[in-house]
Amino acid sequence: MIDKPDVDERLLATEVAAAWAVDLTSLTFMPVGLDGHAWAYRVETSEGGRYFLKLRHGEFGRAATRLPGFLRAQGVRQVVAPIDLPDGGSSHGFGAYQLLLYPFHDGGSRWGRGLADRQWTEYGEFLGRLHAVAPSADIAADLPSETYRSNAGERLRLLGGQAAASEALGAFWARYGAALHRLSETVEQLAGHVPPGRHVICHADIHPGNLIADGDGPLHAVDWDAPILAPRERDLMFVYSQDFGDHPINAHRAALFRTGYGPYEVDRTTLSYYRGERHLDDAAAFLDGILNSAASPESRANDLHWLTRIAETVADPGYAA
């Protein structure tokens with residue numbers, strides 16, 4: 001998020017130092033991510049330690065705090081897991097917020113930089129290992145299971161009326177509202193035609209923006225806030241769509257990915273459902289952010305940039321969810 005959370009950062013620094021027993025020397029806000037309920041800070045300590053702090057308004061789900069460590073124990077080395085508290089557990093309360101502390105990895109996300117050839121193969125290896133892990137009974141109980149009953153279309157319809165009447169979004173909605181409504185109808189139709197398939201552990205947001213690497217070095221998979229038991233297409237949608245990252249897949253990259261992932265024939269109906277539903281969900285979130293009177297002009301402009309990018313994709317005559 002571009003806007004800082006409404007917290008006293010001096011108190012936050014003191015809380016982090018006490019909770020994780022570190023001698024904190026700096027706490028620096030990082031304007032990253034698009035989740036309207038989560039914020040990020042870089043933490044540095046007197047011993048040279050560097051950490052990534054995630055602050056969430058409300059609770060982290062049990063899966064977000066427990067699944068990453070379980071996956072690392074199963075050998076999925078790319079997973080970045082939260083650091084345990086000295087007294088056990090990994091999530092710490094801070095007023096209306098919850099905190100998670102992670103190792104800090106250099107290099108930044110691959111959204112704008114793209115993946116090197118070896119990283120496309122590692123991307124495939126990582127998702128192949130993830131989808132092959134059988135969840136334990138307690139982990140499975142923590143994970144939601146796919147139902148194909150998304151509320152994104154309903155949220156879009158409710159916000160559409162406000163957008164049409166607003167000064168900030170009236171022109172946008174006049175141009176793109178019909179295309180977004182058509183997509184909502186298409187997604188509802190696709191939901192009724194998705195074939196049954198085996199559910200596996202899915203990250204659910206594994207686009208290049210959640211892959212961290214320093215140059216062409218090893219990948220680190222972050223942001224395990226909403227994992228789910230679902231068909232593999234839930235994750236593979238981010239690989240085989242052209243909408244996620246500035247250097248999307250092509251024939252060469254697809255071959256590299258398959259070298260790591262292994263043979264698998266994606267179901268096109270399932271893939272289309274997930275692509276369209278993600279566009280609807282993101283569009284509704286960005287509409288809500290722009291209509292939020294408490295948001296800064298910079299935050300609204302950022303949301304409008306991403307909303308317009310989605311709308312232009314959806315309105316393209318060649319678009320097929």
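## Secondary structure

Helices are DSSP runs of H or I with at least four residues, strands are runs of E with at least two, and both are numbered from the N terminus. By this assignment, Pro 263 sits in the loop between helix H8 (251-261) and H9. The model is predicted. Its chain holds 10 helices and nine strands.

## Overall dimensions

The C-alpha trace spans about 55 × 50 × 35 Å along the principal axes of the chain. The radius of gyration of the chain is 20 Å, and a compact globule of 321 residues would have a value near 20 Å, so the two agree. Of the contacts in the chain between residues at least 6 apart in sequence, 74% join residues at least 24 apart.

In soluble globular proteins, nonpolar side chains tend to be buried together. The largest nonpolar core in this chain has 70 residues, and the members that touch the most others are Leu 71, Tyr 123, Phe 126 and Leu 127. Helix H9 (residues 268-291) supplies the largest share of this core, with nine residues. A second, separate core has 20 residues, including Ala 19, Leu 27, Tyr 41 and Phe 94.

The surroundings of Tyr 123 can be listed residue by residue. Leaving out residues up to four places away in sequence, Tyr 123 touches Leu 115, Ile 206, His 207, Leu 211, Leu 219, Phe 238, Val 239 and Phe 257.

## Residues with positive phi

Most residues other than glycine have a negative phi. Ala 21 has a positive phi, near 55°, and is not a glycine. The residue is placed in the loop between helix H1 (9-20) and strand E1 (24-30). Ala 21 counts as exposed because its relative accessibility of 58% is over 50%.

Asp 223 is another residue other than glycine with a positive phi, of about 65°. Asp 223 belongs to the loop between strand E8 (220-221) and strand E9 (228-230). With a relative accessibility of 25%, Asp 223 counts as partly exposed, because that class covers values between 20% and 50%.

Phe 29 is part of strand E1. Its relative accessibility is 14%, which is under the 20% limit, so Phe 29 counts as buried. The C-alpha atoms of Phe 29 and Val 76 are 29 Å apart in space, and the two residues are 47 apart in sequence.

Pro 263, in the loop between H8 and H9, has a relative accessible area of 85% and is therefore exposed. Between Pro 263 and Ile 139 there are 27 Å, C-alpha to C-alpha, for residues 124 apart along the chain.

Asn 151 is located in the loop between helix H4 (137-142) and helix H5 (152-165). The residue is partly exposed, with a relative accessibility of 44%. Asn 151 and Asp 214 are separated by 63 residues in sequence and by 37 Å between their C-alpha atoms.

Asp 246 lies in the loop between helix H7 (233-240) and H8. At 41% relative accessibility, Asp 246 is also classed as partly exposed. Apart from neighbours within four places in sequence, its contacts are Trp 111, Gly 112 and Arg 309. Val 314 lies 68 residues from Asp 246 in sequence, with a C-alpha to C-alpha distance of 17 Å.

Definitions and conventions. Residues are numbered from 1 along each chain as its sequence is written. This is a predicted model: local features need pLDDT of at least 70, side-chain atom pairs count only at pLDDT 80 or more; totals for chains, interfaces and linings use all residues. Side-chain values use heavy atoms; hydrogens and water are left out. A nonpolar core is a set of buried Ala, Val, Leu, Ile, Met, Phe, Trp, Tyr and Cys residues joined through side-chain atoms within 4.5 Å. Buried means under 20% relative accessible area, exposed over 50%, partly exposed in between (1.4 Å probe, protein chains only). Contact means heavy atoms within 4.5 Å. The radius of gyration is taken over C-alpha atoms; the globule rule is 2.2 Å times the number of residues to the power 0.38.
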